[in-house]
Amino acid sequence: MEFDYIVVGAGAAGCVVAGRLAAADQRPSVLLIEYGGRPVNPLLHVPKGFYYTLRGDRYLYRYRTGPVTRDGAPEVWLRGRVLGGSAAINGMMWTRGAPADWDGLAERGNPGWSWADVLPAYRAMEDHSLGASETRGVGGPLGVSVTDPGDAVSTAILESAVKYGWRRVEDVNAEDTERIGFTPSTIKAGRRTTSYDAFVRPVLARQAGGRRPAGLGAGGLTVVTRTRADRLTFDGRRVTGVRTVDAGGAATEVTARREVILCAGAVETPLLLERSGIGDPARLREHGIAEVAESPNVGERLIEQRGVALQVTLNHASFATRRLSSWTGRAAEAVKWLATGRGLLATGGYDLVCQFKSERSAARPDIQGLFVPMALDTTSKDMKLARHPGILFMAYPIRPQTPSSVHISGGAPQDPPVIDARFLETDRDRDTVAPVLEIARAVLAEEPVHALVRSEEFPGPSVAGRQATIEYSRRSGTGLYHAVGSAAMGPADDDVVDADLRVRGVTGLRIADVSVLPVQVSGNTAAPAMLVGYRAADLTLNDF
């Protein structure tokens, strides 16, 4: 049970790290540990299938947070629990972050993370349907598609947005202006693609075909599922491996000859650090955990986005609503997808994406919005499509500042996290979210989409103005499941990791997931997560 590298977490970042390490010329042996199972459900490969896989618990963590408002109820943050992680059950949006966001990360004292550093990695990963350009890649392992489903409602939204003043663009990742376009999604040939599909499956296929290096210790990738990382093991302050617990409760210690790389995400990574004795000493003592290394910001400085939703009812059902809101329509679309890889089921979760300014004087867009030419069923607790026609609009500040936190509630891996979710507590965050409903209504008031709208379903015209919008977001909004920063990189002694992703205070340990990002660099986190994994593999191999 010895490997050169142990990667904890087979999500968006972890699969990139493990796959790239195992495929490297140096031929290290790599163990990839995942608490979830294998992606055997066919719906996990159907792009629109996420409306159904998000309903159950088989592929999900459901983390309860504290109430966001004083009189509010606890909320739930979702994360993927399956090979591929959250990218196996998310809306598949491939938004990479603007150059200014990445350059700002480098300017904070993190060399190697500027746009000039990360763009080559993005281009190397991508096999983009729009073709190669200065900002896009083709021939990479990860399929990215921009698809026009030909829906009349989406076309009307685009035309109205242009009349409002936004640019319609072919590739929303190619510029940093007020713009709208069809959403780039991790889809190839009508199928969802994840970093597991792109980086791990090919390595496993080569090994199964007899092209594996001789001897596991001399190279190769091993993937274990239904196995949880309990805590790290140490020799003094050097991390030597991981203690795991399988589904039957059996504990095993596996050894890493070189490094352990944590890719468990912004919730689980800080929990594993704290269970292992890396964190704030007072918190460790509270739970009877012996301190290995003092790191007071483990679990702190977490940044999450907060959504504001608006839904209107239409006069006539769109083609998508007619097809996907009934059993017969869904069956017909399923047959079409199976036969051709095309149709409504082969398109992304959110048809249109836009980025715009909260005020005209802003230097750059600071809000991201999504338009879906269908309505959600407000009577259902799950993400279920309504039978009536509508348009759903969701928007959120791209770069919020209000910090949240996540910490252990006990020393066992099954103990739930304590998540203090906080939003809109800075003037900048409130200023950003305040005009969102007004802007959305203004776009929908433009022709031709205005002629399609019957009425506003929620929040309704009574929710208008700055304070009402802010309170509506705090009370009725939702986290976007885009948390970052709970083990953030930086140049200071109390930053959890350095720019090479090494955990301060110990040796033999790196973190390679979005918990290392001290700021939001994008409207979403799937693409940045894979980017962190890609860069982490390069940094690790350089040391090898």
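**Close-up views of a predicted model**

View 1. Tyr5 is buried, at a relative accessible area of 2%. The model shown here and in the other views is predicted. A search of the whole structure gives 10 aromatic pairs. In one of them, Tyr5 and Phe544 have their ring centres 6.1 Å apart, with 40° between the planes, a tilted arrangement. The two residues come from distant parts of the chain, 539 residues apart: Tyr5 belongs to strand S1 (residues 2–8), while Phe544 lies in the segment that follows helix H14 (526–543).

**View 2. The stacked pair of Tyr61 and Tyr63.** The ring centres of Tyr61 and Tyr63 are 5.2 Å apart and the planes meet at 10°, so the pair counts as stacked. Planes under 30 degrees apart are taken as stacked. Both members are covered: Tyr61 is buried at a relative accessible area of 14%, and Tyr63 is buried at 6%.

**View 3. An aromatic cluster and two arginines over rings.** Trp94, Trp102, Trp115 and Tyr122 make up one aromatic cluster. Arg20 lies over the face of Tyr534, 3.6 Å from the ring centre. For Arg535, the ring is that of Trp113: the charged end of the arginine sits over it, at 5.3 Å from the centre.

View 4. The structure contains 0 disulfides. Where is the closest cysteine sulfur to that of Cys263? It is in Cys15, and the distance of 9.0 Å is too far for a bond. A disulfide would need the two sulfur atoms within 2.5 Å. Cys263 is buried, with a relative accessible area of 6%. Cys354 is also buried, at 1%.

View 5. Are the faces of S20 covered or open? Both are covered: Leu352, Cys354 and Phe356 are buried on one side, and Val353 and Gln355 are buried on the other. S20 pairs with strand S8 (residues 179–182) in the antiparallel sense, over 4 bridges. In that pairing, Ile180 stands opposite Cys354 of S20, the cysteine with a relative accessible area of 1%. S20 also pairs with strand S21 (residues 367–372), again in the antiparallel sense, over 5 bridges. Here Leu352 has Phe371 of S21 as its bridge partner.

**View 6. Helix H10 and its two faces.** Helix H10 runs over residues 327–340, 14 residues in all, and reaches 20 Å from its first C-alpha to its last, close to the 20 Å expected at 1.5 Å a residue. Within H10, Gly329, Arg330, Glu333 and Trp337 are buried. An α-helix has 3.6 residues a turn, so residues three or four places apart point the same way. The face of H10 turned away from the buried side carries exposed residues: Trp327, Thr328, Val335, Leu338 and Ala339. Just after the helix, Gly341 adopts a positive phi of about 70°.

Key:
Residues are numbered from 1 along each chain as its sequence is written. This is a predicted model: local features need pLDDT of at least 70, side-chain atom pairs count only at pLDDT 80 or more; totals for chains, interfaces and linings use all residues. Side-chain values use heavy atoms; hydrogens and water are left out. The expected span of a helix is 1.5 Å times one less than its number of residues. Buried means under 20% relative accessible area, exposed over 50%, partly exposed in between (1.4 Å probe, protein chains only). Rings of Phe, Tyr and Trp (its six-membered ring) pair if their centres lie within 6.5 Å; planes under 30 degrees apart count as stacked, over 60 as edge-to-face and the rest as tilted. A charge sits over a ring if NZ of Lys or CZ of Arg is within 6 Å of the ring centre and within 35 degrees of the ring normal. Two strands pair if DSSP finds at least two bridges between them.
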